[in-house]
Each structure stands twice: as C-alpha cells, then as structure tokens.
Amino acid sequence: MGRVTFTAPITLPGLTLDLQWYRRSVFYEVMVRSFYDSNGDGSGDLAGLISRLDYLQWLGVDALWLPPFFASPLRDGGYDVADYTQILPEFGTLDEFRELVTKAHERNMRIVIDLPLNHTSDQHPWFQASRSDPDGPYGDFYVWSDTDEKWPDIRIIFPDYEDSNWAFDSVRRQFYFHRFFSHQPDLNFTNPRVHEAVIDVVRFWLDLGVDGFRLDAIPYLYESDEGNGEGEPETHEFIKKLRAIVDRDYPGRIMIAEANQWPREVAAFFGTDEEPECHMAFDFPVMPRIFYSLRSQSADELVAVLSETTDVPSWAAWGVFLRNHDELTLEMVSEEYRQAMYGWYAYDPRMRVNVGIRRRLATLLDNSRAELELAHALLFALPGSPFLYYGDEIGMGDNIWLPDRDSSRTPMQWTPDRNAGFSSADPGKLYLPVVQSLVYHYSQVNVESQLAQSRSLLHWIRNVIHVRKAHPVFGLGSIEVLDTDNPAVLAFVRSYAGAGTPVGDQPEDVLCVFSFAHNPVAVTIDAPGFAGAELFDLFGGHRFPSIDDDGRLHLTLGTQGFFWLKAVRR
C-alpha cells in the first residue's frame, strides 16, 4: 500500500515520431480475457494477445485499447480494481505485458490501457484499510458519511442493480459513496494523498511503455452540494494537473475521456490550448443516432448532431465508435427516441440492461451486410478516430442468455474448430461459452473462413481501413454538412488544408454521401463551395459526374448505399 517504485522508462522502437498520432489512428478494443488463450486454462491472456499481433497489424490497426487486466475479483469485468500495479495472474505477468508493449511497438502499433480512477473494488487494500482504521493513513481515501441522504440530486447510473449511491459498511459503521456498483466505492479526490496515489499509478504504467489511458468514468471524480456530481470544476482541475505531468514527462502519450454526456459537456474535457485536459474524448451522442437513422430511414438526427459546433482545440480528437464492451447506451436521447430504439433493437427484454442495449453490432443489424457496410463506412468517414470492437470485423454474434454485459464479451472466433480456436481447454472450462446460435455459430463466423473469402466482411473492413489511412483528410480534416433534397440521405464534405504531419500531406476534399433508405433513391446535394468540381471514387478511382456550375450534384444510390468521392476543384 506504499508508494510505487518506478522503473526507468523504456524506449519506443519502431514508432513514428508524431505527437498527434492519435488523430489519424484506427483503434481496436481487445479484451485480454476474450481474445486468445495461450495456455489452455479457458481464459484469454497476454501471451495469447501477443501471438495475434500479426493479425491486427494485417487488419490495419494502429493502436490497441485494453480494458482492465489488473488484479480484480472480476465482479465488473475488471473495472473493480483490487491492485492497480498487479496483473490478474490468469491474464499473465508484468514481464509479459512488457513484451506485449515491445512487440506492438515493433509493429508500429500503440497500447492504450483502461484506467478506472473514479473507484476501486471493495477488495482493494486501500478500502480495507479505510474501513478498518478510520484514523489511519487510508481512512480518508474514500467518501464516507454518517447518512445516506447526502447529495440526493446525483443520479443513479445503474438503476437495474442499485437503488442508492450509498452503501452501509458493517465494519466502519458508516455509509460509503459509490457512483456505480455497491462493491465499487468511490475514491475521495478531495484528499491530496489520493492524487499522489493515482499519479503514482499513472507513472507506473507510462514507465512500462504504454502510450495512453482511457480514463474510465472521468466526469465523476468529485461531488458537491451544488452540482450533480458530473464534470465538477475540481474534476477538470485534476485532469489539467494530470495532463501537465503527461505532457512534461511523457510527450506523445495520450489521455482519452470516457464522458457519456452531451457534445458541449464532453468538449469541456479537452480543455483549452492554455489549459489542456484530455487529448481525446468519446463521441457518445453520435453513436445511437447512427442506429436510429438505419431504422427510421431519416438522416435528420445525424444532421443535427453533426452540425452542432463544439469549439475544441486543434490538437483534440473525437473517438467515434459503433459498439464496445459496454451496453449501447441510450442516456443521450429522449424517452420517445429511447422507446423507438428498444422497439427496433431490443424487442426482447433480455436484450436490455440499465439504460441501454447489450447486443453486438451484427445482431443489432440482423446480420445485414448492407447495413454493416453502411455503418462502418460512416464510422470511418466521421471526424475523429474510429474504435473497433474485437470480433465486429467478422460479424460476431452475442449470447443474450448470459448475464449483464457478458452477452457481448464471448471468446473471439478464430476457426471452425473446437472452442472456435480460442482455447484448447475443455469447452466447459471456458470463462464464457463460445457463440453457438444458428446464424452466428463459430463454425460459420470465424477469422479463418473469412480470410479464405475475398468478399468476406473481414476483407471488406480491412480494405476500408487502408483506404481511410491513405487519406489524412479523415483524421485531420474539418466537416461541413451539406443540404440534400432527400431526408434519408446524409452528405458532408471532409476538407484538409495539408501539411499537418511531420511528413507533410497534400490538401484534399472528400464528399461523403450515405443513404439510410431501404430502397434505391435519387438525391440532389447542394455543394456551393464546389461548383464545377470533378469527382472520383476513393475506392476504385473511377470518375463520377462533376458537380454542376451552380454547385449542385445529382446522384442515385442503391439500397443503404454510400459514396466516398474525392472532389477536385477547378
């Protein structure tokens, strides 16, 4: 429980020198436990992940995001941390983690790890010391109260599981505060020693070579009588303090904010040029509106959210995604909108959890190849850096009969062999069963079979990734949403002035058009700034009709079709 002793920082061989590398990167979320089991114990591990780095490099991944692999009781998938500087033995060792970092860097891939700073497990030594010795050095490490009636305006995040943000501790005979599960007490960030302990943890992993952190539940660090416990001013002050340390001592490493809030509130976690906070933040409001558009056949909601201006620093980047290890959250939508989403995507109550939907991408979209392609084409064209979820590149399914969020955390499907090639263990020993449903059975949906099919979803997604990476405009460019005469069509232009990286880049404009209609449509797009521009398909290079001299473009799109068109001005 003492302060961490640091090792010397390791070098980063093989990585390109670009302090803003994250703005052009394709991220891939890989749960260590779910990816590959190297020793046959039924659970994925670090050695297994190392053995699959070549696959991820081939796919075109620039950075891996690893959810928690720390010592933990695993009551919340590892987000209940029992020791921030130890790895859960079934996942591997610190030496194996060092090897993972080295091997990833050799392939020009970076490693970003999850860091749940808001809370720990109730099994953490800090909490055990706090409850047993209130006057000791850890007595004030958590938020304690004699009553459970404090801060009644702070909302409950997991209403399916908790009816209060307070829990009674039978040892200390007081209530402790928890924003999430009752077995995850919140750290007390008003205590300077908590700051020191957290910064020690950050330095420990940065010294091991990690390239950044996803700051889990970052809005909830502080509470106040006046606020709602989300994005309090003191929370932002702590993030600024942490960013200053990272920039000064570890340039090129990044901080990613997980803040499930509205765009302007999330943008606050970037800070300013003078007082920077996080390098990246997840764009939660856009994600559910993609799914809404796919069923409503209307782009209006996406047009509205993409047109909303947020004043963010030039170095900041949004993290855009379709799915991840959590439920598809519906907190950022109205009740009417939420009920429509439930009706379309979660008609069985087992598909729902908290205020969201616990299903994978392919099952949400009924395994429709057209919708999977459209959703990914939009994801890769949006401002920011795309985050893929392991298995979505092959259209993996889920298992809604498993509890909580485990439905979409099943083993990666590598081959049609036993256990989907994930593990050599007895099938009953797996940490979760492999998917065996009719449509998504591992004998049909797996990496090996899709590698053998040139038209498979896996090859298609790899191609889109590589096309995107060849055009810096997608990572670095601005966005301008264009008017269309068809409500089912979304059109926008990504523009980049060039020369934004150490190697320099050419100016570029790309017109992106997406149809959410369930039948072919014709559309007229107003692009007054591109009158007379010539258009070329970004995938095949074929020439399209030019934009009229009056700035109008007439296109026909197939069912749920899309175009990425390079615009060459006269």
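Gln297 lies in the loop that joins helix 9 (286-296) to helix 10 (300-307), where helices are DSSP runs of H or I with at least four residues and strands are runs of E with at least two, both numbered from the N terminus. The model is a predicted one, in which local features need pLDDT of at least 70 and side-chain atom pairs count only at pLDDT 80 or more, while totals for chains, interfaces and linings use all residues. Residues are numbered from 1 along each chain as its sequence is written, and side-chain values use heavy atoms, with hydrogens and water left out.

With a relative accessible area of 30%, Gln297 is partly exposed; buried means under 20%, exposed over 50%, and partly exposed in between, using a 1.4 Å probe and protein chains only. Leaving aside residues up to four places away in sequence, Gln297 touches Pro487, Ala488, Phe516, Ala517, His518 and Asn519, a contact being heavy atoms within 4.5 Å. Between Gln297 and Leu187, which are 110 residues apart along the chain, the C-alpha separation is 45 Å.

## Trp151 in another loop

Trp151 belongs to the loop between strand 6 (144-145) and strand 7 (166-169), and its relative accessible area of 14% makes it buried. Residues up to four places away in sequence not being counted, Trp151 touches Val143, Trp166, Phe177, Glu223, Ser224 and Asp225. Gly229, which is 78 residues from Trp151 in sequence, lies 8.5 Å from it in space, C-alpha to C-alpha.

## The pairing of helices 6 and 7

Helix 6 (residues 192-207) packs against helix 7 (residues 233-249) at an angle of about 35°, and their axes are 12 Å apart; axes are lines fitted to C-alpha atoms over the stretch in contact, and angles run from 0 to 180 degrees between N-to-C directions. On the side of helix 6, the residues that meet helix 7 are His195, Val198, Ile199, Val202, Arg203 and Leu206, and their partners in helix 7 are Phe238, Lys241, Leu242, Ile245, Val246, Arg248 and Asp249.

## Helix 13 and the cysteines

Helix 13 (residues 369-381) has 13 residues and reaches 18 Å from its first C-alpha to its last, close to the 18 Å expected at 1.5 Å a residue, the expected span being 1.5 Å times one less than the number of residues. Eleven of the 13 residues are buried, so helix 13 is largely enclosed by the rest of the structure.

Cys278 is buried at 0% relative accessibility, and Cys512 is buried with a relative accessible area of 0%. The count of disulfides, each a pair of cysteine sulfur atoms within 2.5 Å, comes to zero.
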